[in-house]
Amino acid sequence: ILPKYIKKSKSKLITILFEHGFHDKLAHIVPVIILYLVAPLFNEYGEFIIKAAAIYFIIALVNILTSLLDSINELYKQFEISKTRPITPILQIVKVVLFIIAGILLIATFIGEKKPFTLLGGIGALSAVFSLVFKDPILGFVAGVQLTSTDMLRVGDIITVPKYKAEGTVTEIGLTTISLQGFDKMTITLPSYSLITDSFTNYRGMQDSGGRRFRRTFYLDINTIKPCSKEDIDEFSKIDYLNEYIINRREKLLNSLPANISEEDIVKEMGLTNIEILRVCAQNYLENHPEIRKDMMLLVRQLSPEDKGIPIEIYAFTDTTAWVMYERIQEEILDHVYHLASKLGLGLYQNPSARDIRLLASSKE
């Protein structure tokens with residue numbers, strides 16, 4: 001009758017309780033009560049039966065409460081708030097307290113102690129041992145409270161933990177462990193306190209904004225930087241996004257130059273270089289790219305020269321946080337910029353290889 005009622009019931013809690021066997025565990029209370037009531041009929045064995053019934057009752061009650069806590073946790077996970085305020089660590093703490101109280105009651109019942117909590121005085125002497133044995137649960141408890149109370153971590157967050165070389169999506173925040181699902185679907189388990197004692201990166205802000213940062217730096221060979229001639233400017237004017245920039249640069253300059261100045265002198269006064277052309281073209285390319293966020297930081301800048309050459313940094317945000325799409329957009333932009341640098345006569349720096357050294361030696365011969 002009960003299973004049929006459960007199937008017809010629209011209550012999620014009743015269904016979940018049934019799935020966790022709550023009704024089966026609850027049924028164990030009835031024989032305990034009957035056994036306790038008939039114990040006096042067994043004369044000299046009555047006290048032993050009462051003690052056995054009390055022990056059985058404590059164990060049954062713990063099973064019932066554990067099943068109830070598991071059902072509450074599963075029901076809570078079906079609500080959206082569970083992603084920001086998980087109660088799994090709290091319920092695990094309640095279970096630990098429940099088991100401790102049950103253990104004390106079992107020992108007291110077994111030895112016939114009428115005041116069970118007087119046993120806590122003796123347990124105090126073992127606190128040092130317990131602190132060593134249960135070091136991880138204690139540290140995990142403190143870390144779990146900090147992580148959830150300060151909203152440092154939520155279920156569904158994508159995090160990176162450099163110390164453990166772990167990266168993935170948080171699937172569960174437990175009492176002593178944090179479970180991640182890697183991008184390759186592997187499960188990664190980390191101690192909770194490691195996220196408090198060591199640094200980790202949380203990409204929640206990126207997910208909430210809907211844009212993922214794209215930041216790349218490449219180096220240009222300083223020996224390939226040169227001023228632009230008239231022929232170069234005529235050629236570069238054919239490149240997308242550059243024609244308007246060159247025209248505006250020329251018109252601003254003409255206002256301060258004599259009317260009879262030659263075209264070659266105008267070009268010299270403009271002072272355009274191929275590295276400037278690269279930077280402007282890359283900037284305009286990003287501003288017109290359909291998959292780059294225009295409402296977030298977007299720039300192409302030149303950094304301080306180094307022994308590797310002149311660094312050019314591209315800083316922008318894609319309009320997606322999906323990994324595969326992000327990598328595709330990033331590669332597409334870099335391919336375009338590398339091709340443009342080659343077209344402008346700019347050499348990309350790389351450390352010389354053995355092949356380069358052999359070619360240099362053979363050219364001298």
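What percentage of the 365 residues of the protein count as buried? In this predicted model, the figure comes to 33%. The secondary structure amounts to 17 helices and eight strands. Contacts across the sequence are also worth a look: among those between residues at least 6 apart, 63% join residues at least 24 apart. With this overview in hand, the helices, the sheet and the charged pairs can be taken in turn.

Turning to the strands, five of them form an open sheet, arranged in the order 4-3-2-1-5 with antiparallel pairing. Strand 4 (187–191) and strand 5 (201–202) are the edge strands, each pairing on one side only. In general, strands of a sheet pair through backbone hydrogen bonds, either parallel or antiparallel. At one end of the order, strand 1, made of residues 158–161, pairs with strand 5 in the antiparallel sense over two bridges. Here Ile159 stands opposite Asn202 of strand 5.

Side chains of opposite charge can pair when their charged atoms come close. Across the whole structure, eight salt bridges are found. One of them joins Asp234 and Lys230, with an N to O distance of 3.2 Å. Both residues belong to helix 12 (residues 230–236) and are four residues apart, about one turn of the helix. Asp234 is partly exposed, at a relative accessible area of 41%, and Lys230 is likewise partly exposed, at 30%.

A further salt bridge pairs Glu291 with Arg328, whose closest N and O atoms are 2.5 Å apart. Glu291 sits in the loop between helix 15 (274–287) and strand 7 (299–302), while Arg328 lies in helix 16 (residues 323–343), so the pair ties together parts that are 37 residues apart in sequence. Are these two partners buried or partly exposed? Glu291 counts as buried, because its relative accessibility is 17% and the cut-off for buried is under 20%. Arg328, by contrast, counts as partly exposed at 32%.

The side chains of Arg301 and Glu313 also meet in a salt bridge, at 2.6 Å from N to O. This pair links distant parts of the chain, with Arg301 in strand 7 and Glu313 in strand 8 (residues 310–318), 12 residues apart. Arg301 counts as partly exposed at 38% relative accessibility, whereas Glu313 is buried, with a relative accessible area of 3%. Arg215 comes into the arrangement as well: salt bridges that share partners join Arg215, Arg301 and Glu313 into one network.

Definitions and conventions
Residues are numbered from 1 along each chain as its sequence is written. This is a predicted model: local features need pLDDT of at least 70, side-chain atom pairs count only at pLDDT 80 or more; totals for chains, interfaces and linings use all residues. Side-chain values use heavy atoms; hydrogens and water are left out. Two strands pair if DSSP finds at least two bridges between them. A salt bridge is a side-chain nitrogen of Lys or Arg within 4 Å of a carboxyl oxygen of Asp or Glu. Buried means under 20% relative accessible area, exposed over 50%, partly exposed in between (1.4 Å probe, protein chains only). Contact means heavy atoms within 4.5 Å.
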